[in-house]
Amino acid sequence: MQAIKSAFLNPIKSFKIQYLPLLLVYFAYGASGFSSIAETFWVKEHLNLDATALVTLGVWLSLPWTIKMVFGQLVDTIPLFGSQRKVYVYIGALLITISTILMIGLVGNKEWIKFSTPQNIYILASLIAVIGFVLQDVVADAMSTEVVDRNQPQDIVERELAMVQILGRLALSIAGFIVAGLGGWLAQIFSYETIFKISLIIPLISVLGVTFVKLDTPKPSKIDCKILCGGIAFAVFVVFMGYNDIPYAQEIVFIISLLVLSFMIKDIINDLNKETQRKIIIATIVIFTYRAMPGVGPGVTWWEIDVLGFDKAFFGTLAQIGSGLAILGMWFLSDWITKKPISWTLIMLTVVGTILSLPILGMYYGLHHWTQEVFGFGARTIALIDTAVESPFGQLSMIPLLTLIAIYAPAGKRATWFALMASMMNLALTAGGLFTKYLNKIFIVSRDVVQNGVIVSHANYTELGKLMIITTLTNFIVPIFVIWWLMIKNNKK
């Protein structure tokens, strides 16, 4: 009982007032989905945008995240009104507010909004909001590396940096969990206009912390045109590839992106000593490898629907359980994860993740039939138990990765550094997606395809078992080997 009480109180005791600004920014970002359900229904009912146009809009809305390092450069190098942190949070909040006001006018069919077509105004409002959130996210990431006093023993610094990352993920996740249900429920009661008016609270939340808490303003560094100009050129290249039908476009974009980001990371650490550079390179490789592991792909979901009989409501239940328990897991395991070496934590999470992937694999080979006969419960119970146990560990794996990024953030370049590493982590997910695509080309899984009421292609799950075994082994062996070889064996030399 005492251990549970201690675990519960640990995040509360670890909180410091200087953490408040970044936690409120993360909370605001987590709450940004509040109006998403209302927006989705309004777009469907009132906006004449077809699927292609919405996909195209998605490309444009991903652009600010693609060039996150450009925003990082601005935050690191250009102080406005004597501030490199607070003023950028204000600017981000202003942009989010402008976007929300545009949406209020649009869904309310106000006269003052009719200066352009509804489609153009919607696109403009969406783009402005994304820029605002990216700018605030860059500032919060930078602050997450700066709120910890570096003039302490290294183990204490690393523990505090890990706790800051845990608190940040908790703030974001709790906000997302709250608005996921609240936004849909209120959208049933109030008008679209009222929902967007309520959304004006979100930018206000993000500015409260920086308004009332004094921040230490770091010294600005010099503008690095290689990153600033290179980031803009990189964005142009990504958009060009996205809009043109070029063979192997995904692979080309991935390789070029990897080269560009590697060059930028090397450039930003160039003035550090060789040993620190070596540690940063090792950390980068470990982070990339851990995030680049392939998944099974959509075939396992098709199989769960067709063979196990899982429906929309059950998948919704799994998602709700998963998000709720992920929050509890981060909260109660925060003390455990901050006191363990990062290499050990990553290995343990890899082992646990592998073990927890086995029930679904087991059900493919009939585990649920055996449990039904022996214990009286079947596939749905196994899935519920597996989700309940697995959810906290999936979220926890982000903490040591973010802690590694925070530990090696170079002074004066922390916003740029965090933005680059965030881009590298997203690129690792792209690598995982490409690996998944090629595995699915080798082990072909198909579902029923119906056209005009006629089945033109039948479901075939005979290769799914092999695919699941290969991905399970890969996700276990590769990270364990890389972490052991680079972080454990090298440290013994």
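Analyst: N109 is found in the loop between α6 (86-107) and α7, where helices (H or I, at least four residues) and strands (E, at least two) are DSSP runs numbered from the N terminus. This is a predicted model, in which local features need pLDDT of at least 70 and side-chain atom pairs count only at pLDDT 80 or more, while totals for chains, interfaces and linings use all residues. Residues are numbered from 1 along each chain as its sequence is written, and side-chain values use heavy atoms, with hydrogens and water left out.

User: What is the phi of N109?

Analyst: N109 is not a glycine, yet its phi is positive, at about 55 degrees. Most residues other than glycine have a negative phi.

User: Is N109 buried or exposed?

Analyst: N109 counts as exposed because its relative accessibility is 53%; buried means under 20% relative accessible area, exposed over 50%, and partly exposed in between, with a 1.4 Å probe and protein chains only.

User: Zooming out, how many helices and strands are in the chain?

Analyst: The chain has 22 helices and two strands. Of its 493 residues, 48% are buried. Taking a contact as heavy atoms within 4.5 Å, residues 24 or more positions apart account for 82% of the chain's contacts that have a separation of 6 or more.

User: Which residues have the most contacts inside the largest nonpolar core?

Analyst: They are L22, M69, V286, F288, I405, W417 and L420, in a core of 84 residues. A nonpolar core here is a set of buried Ala, Val, Leu, Ile, Met, Phe, Trp, Tyr and Cys residues joined through side-chain atoms within 4.5 Å. Helix α21 gives the most to this core, with 12 residues. Not counting residues up to four places away in sequence, F288 touches F254, L258, M424, L427, A428 and A431.

User: And what does the second, separate core include?

Analyst: That core has 28 residues, including L47, I96, I121 and I205. L47 sits in the loop between α3 (36-46) and α4 (51-66), and L47 is buried because its relative accessible area is 7%. Apart from residues up to four places away in sequence, L47 touches W42, P118, Q119 and Y122. From C-alpha to C-alpha, L47 and Y122 are 8.8 Å apart in space, although 75 residues separate them in sequence.

User: Back to the helices. At roughly what angle do the axes of α5 and α21 cross?

Analyst: The axes of α5 and α21 come within 7 Å and cross at roughly 170 degrees; axes are lines fitted to C-alpha atoms, for helices over the stretch in contact, and angles run from 0 to 180 degrees between N-to-C directions. The two helices are therefore roughly antiparallel, where angles under 35 degrees count as roughly parallel, over 145 as roughly antiparallel, 65 to 115 as roughly perpendicular and the rest as oblique.

User: Which residues meet there?

Analyst: From α5 there are K68, M69, G72, Q73, V75 and D76, which meet R414, A415, T416, A419, L420, A422 and S423 of α21. By type, six are nonpolar, four polar and three charged, with Ala, Val, Leu, Ile, Met, Phe, Trp, Tyr, Cys and Pro counted as nonpolar, Asp, Glu, Lys and Arg as charged, and the others, Gly among them, as polar.

User: Why is α5 largely enclosed by the rest of the structure?

Analyst: Because nine of the 10 residues of helix α5 (residues 68-77) are buried. Among them are K68, Q73 and D76.

User: How do the axes of α12 and α21 cross?

Analyst: The axes of helix α12 (residues 249-268) and helix α21 (residues 414-442) come within 10 Å and cross at roughly 155 degrees, which means that α12 is roughly antiparallel to α21. The contact residues of α12 include F254, L258 and L261, and those of α21 include W417, L420 and L427. The residues of this contact divide into 14 nonpolar, six polar and two charged.
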